[in-house]
Amino acid sequence: MPAGKKSVKVKTPNGKEAELSPEKVWLLAPKGRKGVKIGLFKDPESGKYFRHKLPDDYPM
DNA sequence: ATAATTGT
DNA sequence: ACAATTAT
């Protein structure tokens, strides 16, 4: 797989587990802190967008 | 303009 | 409270 399009197991807004690839990935971190990686996903069931934490080692 | 996302 | 992002 091309780097940067890996899928992740995430909890959708409907409470279902799904293996999805984020449309966007970024680091959410205050200055001087580690923060968390966040992905923007679209739930294929509902079509709703949602944000979810990514593993710290998720490729950016 | 706001909600929502995590961890410190 | 703070950080970035963007669909709503």
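A nonpolar core is a set of buried Ala, Val, Leu, Ile, Met, Phe, Trp, Tyr and Cys residues joined through side-chain atoms within 4.5 Å. With that in hand, please keep in mind that this is a predicted model.

**The nonpolar core**

- Val8, Val10, Ala18, Leu20, Phe41, Phe50, Leu54 and Tyr58 make up the largest nonpolar core, which has 8 residues.
- At least two residues of this core come from each of strand 1 (8-11), strand 2 (17-20) and strand 5 (49-54).
- If you click on Val8, you will find that Val8 touches Ala18, Glu19, Leu20, Pro22, Leu54, Pro55 and Tyr58, leaving aside residues up to four places away in sequence.

**The surface near DNA strand B**

- Around DNA strand B sit Leu28, Pro30, Arg33, Val36, Ile38, Arg51, His52 and Lys53.
- Of the atoms of DNA strand B that come within 4 Å of the protein, 64% belong to sugar and phosphate.
- Strand 4 (36-42) and strand 5 are the elements that give two or more residues to this surface, and strand 5 gives the most, with 3 residues.
- Sorted by class, the surface near DNA strand B has 4 nonpolar, 3 charged and 1 polar residues.

**Polar contacts with DNA strand B**

- For a base contact, look at Arg33: one of its polar side-chain atoms lies 2.9 Å from a base oxygen of DNA strand B.
- For a phosphate contact, look at Lys53, where a backbone N or O atom lies 3.5 Å from a phosphate oxygen of DNA strand B.

Notes
Residues are numbered from 1 along each chain as its sequence is written. Chains are lettered from A and ligands numbered from 1 in the order in which they are written. This is a predicted model: local features need pLDDT of at least 70, side-chain atom pairs count only at pLDDT 80 or more; totals for chains, interfaces and linings use all residues. Side-chain values use heavy atoms; hydrogens and water are left out. Buried means under 20% relative accessible area, exposed over 50%, partly exposed in between (1.4 Å probe, protein chains only). Helices (H or I, at least four residues) and strands (E, at least two) are DSSP runs, numbered from the N terminus. Contact means heavy atoms within 4.5 Å. A residue is near a molecule or strand if one of its heavy atoms lies within 4 Å of it. A polar contact is a pair of N or O atoms within 3.5 Å; within protein, one must be able to donate a hydrogen and the other to accept it, and residues adjacent in sequence count only if both atoms are side-chain atoms. Ala, Val, Leu, Ile, Met, Phe, Trp, Tyr, Cys and Pro count as nonpolar, Asp, Glu, Lys and Arg as charged, and the others, Gly among them, as polar.
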